[in-house]
Amino acid sequence: MKILVLGGSRFLGRTFVEEALSQNHEVTIFNRGFQNAGLKDVEIITGNRFGNLKELKNRNWDTVLDTSGFIPYTVQNSTEFLKDQVKHYIFISSISVYKDWVPENLDENYPVLEMTLDEANELSKDAKGPIYDHYGHFKALCERIAEKNMPGRVLNIRAGQLMGPNDYTDRVPYWLNRIARGGKVLVPGKSNRRVQVIDNKDLSVWMLQMMASHSTGTFNATGPNYRLTMKEFLDACINVTGSDAELVWADEKFLLDQGVEPWTEMPLWVPEDSPLSPELEQPWRGAFSINIDKAVQSGLSFRPIEKSLVEIYEWEKNRQLSEDEWKSGMRSEREKELLQLWGSKR
């Protein structure tokens, strides 16, 4: 296939490009050119989707993978511009489009957040503003825009927490790095609490299958296809790193009382028994039980979690970040204080 990737150099996009090239597809990437180092055997078109897409004019591809679409007017521009130049369009969306994660096992028919294009354009006028506060609304609107401009030719993939090398979110890398340091490790909630993550490579293999068949529609895509608990995830981190880490499970009320921030300060944790924020009435118990039956039935499969973690750990060992450079996770002094406080209460 001839594939155009919008983005393609950072995280999921880079893994997808590598997988597509390994299968002998012809890949073109369109991006600003800031993070293309190391990419080989790929055509690079430098441009900015926030501006003019003229660099893509008079070109044809079998399919497009839009990994970078988030601001609605950019997806409006790209789908309008490319609708007569491509047969198929894959938009990487997010499970954040859902109005909440209250129920367990929610599927693709669960209500999504609503916003108009005029509202989104107003909110995204200032690129330096708090645009990520509207992430779910923007992604949901992008899905609708793509389908409107290319009816019957769009595959919307509502991805969960991605993992793999080049992970700039630091959520999974935080746990590998922290476990590798050993000692007592503060861990949130119940040990049998379910978590969901999906390897970029598994997602990429599946997307290439869906491209080949020009599959359309909307699919939740996270994983794995069995119940993975937080303890099993962290035990796998211990095995991969060869660590002597001792997991210390602190209940979520204690953590919330101490002002620990779910998801950012404690990655892969959304409280099960308490609302995520004061304005919410119910806990989001469905955060890590998203229904992926539709994707699995269409061919999405999963490598062993340990294999994914080995690849991330090998990449992570070469980064040498200071604590201030981590985008997610708890600082060591804060963790030490909380471990002492939790120990004194038991």
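Contact here means heavy atoms within 4.5 Å. By that criterion, and with residues up to four places away in sequence not counted, L234 touches W175, I179, V187, L247 and W249. The structure is a predicted model, in which local features need pLDDT of at least 70 and side-chain atom pairs count only at pLDDT 80 or more, while totals for chains, interfaces and linings use all residues. Residues are numbered from 1 along each chain as its sequence is written, and side-chain values use heavy atoms, with hydrogens and water left out.

L234 also belongs to the largest nonpolar core, which has 40 residues, and is among those with the most contacts inside it, together with W175, M230, F233 and L309. Such a core is a set of buried Ala, Val, Leu, Ile, Met, Phe, Trp, Tyr and Cys residues joined through side-chain atoms within 4.5 Å, where buried means under 20% relative accessible area, exposed over 50% and partly exposed in between (1.4 Å probe, protein chains only). Helix 7 (230-241) is among the elements that each supply at least two residues of this core, as are helix 5 (171-181) and strand 8 (184-188); helices (H or I, at least four residues) and strands (E, at least two) are DSSP runs, numbered from the N terminus. The largest share, seven residues, comes from helix 7. A second, separate core of 31 residues includes L12, I29, M207 and I292.

Helix 5 and helix 7 also pack against each other, at an angle of about 55° and with their axes 9 Å apart. Axes are lines fitted to C-alpha atoms, for helices over the stretch in contact, and angles run from 0 to 180 degrees between N-to-C directions. The two helices are therefore oblique to each other, given that angles under 35 degrees count as roughly parallel, over 145 as roughly antiparallel, 65 to 115 as roughly perpendicular and the rest as oblique. On the helix 5 side, V172, W175, L176, I179 and A180 meet M230, F233, L234, C237, I238, V240 and T241 in helix 7.

A further helix pair is formed by helix 2 (residues 72-82) and helix 4 (residues 135-149), whose axes come within 9 Å and cross at roughly 20°. Helix 2 and helix 4 are therefore roughly parallel to each other.

Turning to a loop, H214 lies between helix 6 (200-212) and strand 10 (217-221). H214 is partly exposed, with a relative accessible area of 34%. Leaving aside neighbours within four places in sequence, H214 is in contact with D62, K87 and H88.
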